[in-house]
Amino acid sequence: KDREINRLKSTIDVLRRECQTDCSPTPYCESDSESRRKKLKEQKSFPLEKEEHSQGWFRGSISRAFKKNRSRHKSGGSMSDAEGCQSGTDCSSIPSTPLLSPRNPINSEIVEEHDLEAIRELKKQLIEKDKLLTDIRLEALSTSHQIENLKEAINKLRAETLLLREENQRLKRDQNRESIASSICSLTSFSDSSVFGGHDKLLIIYLNKIKLGIVNVSLSTSWSQVDSFVQQCFQEYLDKFDPLSTLEVNREIKSYSVGSKTRIMSASHTSESPLSWIAGNNELRVKLVDLSDEMSIHSLVPKPVFTKIIPLVKDKKRLVICGPQGCGKSFTAYSMAEYLVKTEHSDCKEDINSLIAIFTVKANRDDELKSFLTNIADSCESKQSPKVIILNDIENIGNVCDAFAPFKTVDCSSGPFVVATMRETSPVTTSLQLHFNFRVVVWTANMEPCKGFLSRCLRKKFFALEIESRSKKGVPIDRNLLKTLDWIAELCNRLNRSVHKNCVNNVNFAPNLFISCPINEKQSQEWFHNLWNSFILKHLKQLFANKNRSFEDLQKWIQETYPWKEKQILHTLFTINEEQQIDLEKDPLLKTLLKLKEAI
């Protein structure tokens, strides 16, 4: 833009020179060729003048040109230079000289017309360039204003940054002083404290998903002490959880880990202290020598029973567990599936849960089971296929051969493990044995693992709640509640023995009926009274509707061994005879018939 403006200015100055030469006196008339040469020389060598002077002269030259043109049209000829100077508005700029003879009128007219057209074009271009120049100046002014504002904002931010930096340095100095003081105090306190005194780290010990206890580690705790604490905690848990040692597990710990770090029991001590070794972690996970011991504790199944089942599964990769309802069959099947994945597919890097498929069979839904088994059979060759399949409640299968037809083509050696559960033996088990090579294991209510399952389950629930309360430093749980839980487990066993003695053998009170017992003195008492009056007595009445027998020994045992402290509400427990009296009062017709029977 600046170059174009300068070019226009130089052109305007040349035209100005021409007009001045036209108005100035000349001793003789120059030819057209000489005037053109002068114009070219002046156009090359004439210096640039100021913009304001050129614009003023430009207006004057245009006005003079138009006045000359008007006078020529009026007089019918050309106007002399003297007349043009006298009639023009800007003639004061031309010096007063004697008038000379005018130029050739024809040449001057041609030059004037040519100059007027060029002047008009130049004027238009000048106006446009003037507008552009004005816009550029306005933009430059606004930009400079914005730059000034930004400079002010940057200066303010720099000042605030300096203030914040100084404040941060001051706070760091204060913090360092406090930390040094607290470190000195902690060191002095540790020197006078015991093994668990002063500042220590609280760790919760886990075996798989079971909470075993809590261990405190301090600066003065050695590696041998940590090893003994972990081993002692595990043994104490087993003594409380299984006081009769029905699980028969090995109590030796192989190693324990904190985060990604693992330590072998009784290994050589490292230079790193136990407190720094466990820094940043709150969990310590124990690993036993034999994996079957872990699975036995986790599934609440005695180790001899568990070790007998494992070879049966590995033989044909297909097993059925039959047993009473609520005795832990499904829980045992899942523990067994975890054991099989860890031992037979240890090279798999996927999550264990993704390698176990679980399906619960519903009544009259054989097509769903068939489609599920078809998908499993089709994906057997895939690396991401399930390695163990758990089928619950297979007694609901209508046509076993049709439902398990997709598995006829699956090779037992390369296919997945199949562990099924059902409540009692039926024709389903026979079909599975004959046509699909299933092995069958039968559990009874009066034998392990069903016999002690409820007691172990309630104790596990109690100690998990106790450890959680200790870790959160909450209200401790009353240890007398353990006697109540054992009493409930014994009541379940006595009920089943009485039912089997006086009724058919396939009727049981499931252990899962009593697992929901609250771990609280008052709440557990209310729960038991509601369960006895609303559920247990009604089932006993149905079992003995046509028999004149009673449970006097059981009722007497309940009254004599009632475990709760508040025995005033013992009278709220109904007996079978009281239930019969209540029913007779509600049904007068039945009462009348009984009286007639007695009279006869």
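This is a predicted model: local features need pLDDT of at least 70, side-chain atom pairs count only at pLDDT 80 or more; totals for chains, interfaces and linings use all residues.
A pair of aromatic rings is described by the distance of the centres together with the angle of the planes. Across the model, 15 aromatic pairs are counted. One of them joins Trp 487 to Trp 564, whose ring centres are 5.7 Å apart and whose planes make an angle of 75 degrees, an arrangement classed as edge-to-face. Because Trp 487 is placed in helix H15 (residues 481-502), while Trp 564 is found in the loop between helix H17 (552-560) and helix H18 (576-586), this pair ties together parts that are 77 residues apart in sequence. Trp 487 and Trp 564 are both buried. Phe 528 and Trp 532, for their part, form an aromatic pair with 6.2 Å from centre to centre and 35 degrees between the planes, and this pair is tilted.

Turning to helix packing, two packed helices are described by the angle between their axes and the distance between the axes. Helix H6 (residues 223-241) packs with helix H14 (residues 453-471) at an angle of about 135 degrees, and their axes are 9 Å apart; H6 and H14 are therefore oblique to each other. On the H6 side the contact involves Tyr 237, Lys 240 and Phe 241, which meet Arg 456, Arg 459, Lys 460, Phe 463 and Glu 466 of H14. Sorted by class, this contact of H6 with H14 comprises 3 nonpolar and 5 charged residues, with no polar ones.

Lys 460 leads on to Phe 331, which is in contact with Lys 460, His 298 and Ser 299 when neighbours within four places in sequence are left aside. Phe 331 itself is located in helix H10 (residues 329-344), and its relative accessibility of 32% is why it counts as partly exposed. Between Phe 331 and Ser 299 the C-alpha to C-alpha distance is 6.2 Å, although they are 32 residues apart in sequence.

Technical notes: Residues are numbered from 1 along each chain as its sequence is written. Side-chain values use heavy atoms; hydrogens and water are left out. Rings of Phe, Tyr and Trp (its six-membered ring) pair if their centres lie within 6.5 Å; planes under 30 degrees apart count as stacked, over 60 as edge-to-face and the rest as tilted. Helices (H or I, at least four residues) and strands (E, at least two) are DSSP runs, numbered from the N terminus. Buried means under 20% relative accessible area, exposed over 50%, partly exposed in between (1.4 Å probe, protein chains only). Axes are lines fitted to C-alpha atoms, for helices over the stretch in contact, and angles run from 0 to 180 degrees between N-to-C directions. Angles under 35 degrees count as roughly parallel, over 145 as roughly antiparallel, 65 to 115 as roughly perpendicular and the rest as oblique. Contact means heavy atoms within 4.5 Å. Ala, Val, Leu, Ile, Met, Phe, Trp, Tyr, Cys and Pro count as nonpolar, Asp, Glu, Lys and Arg as charged, and the others, Gly among them, as polar.
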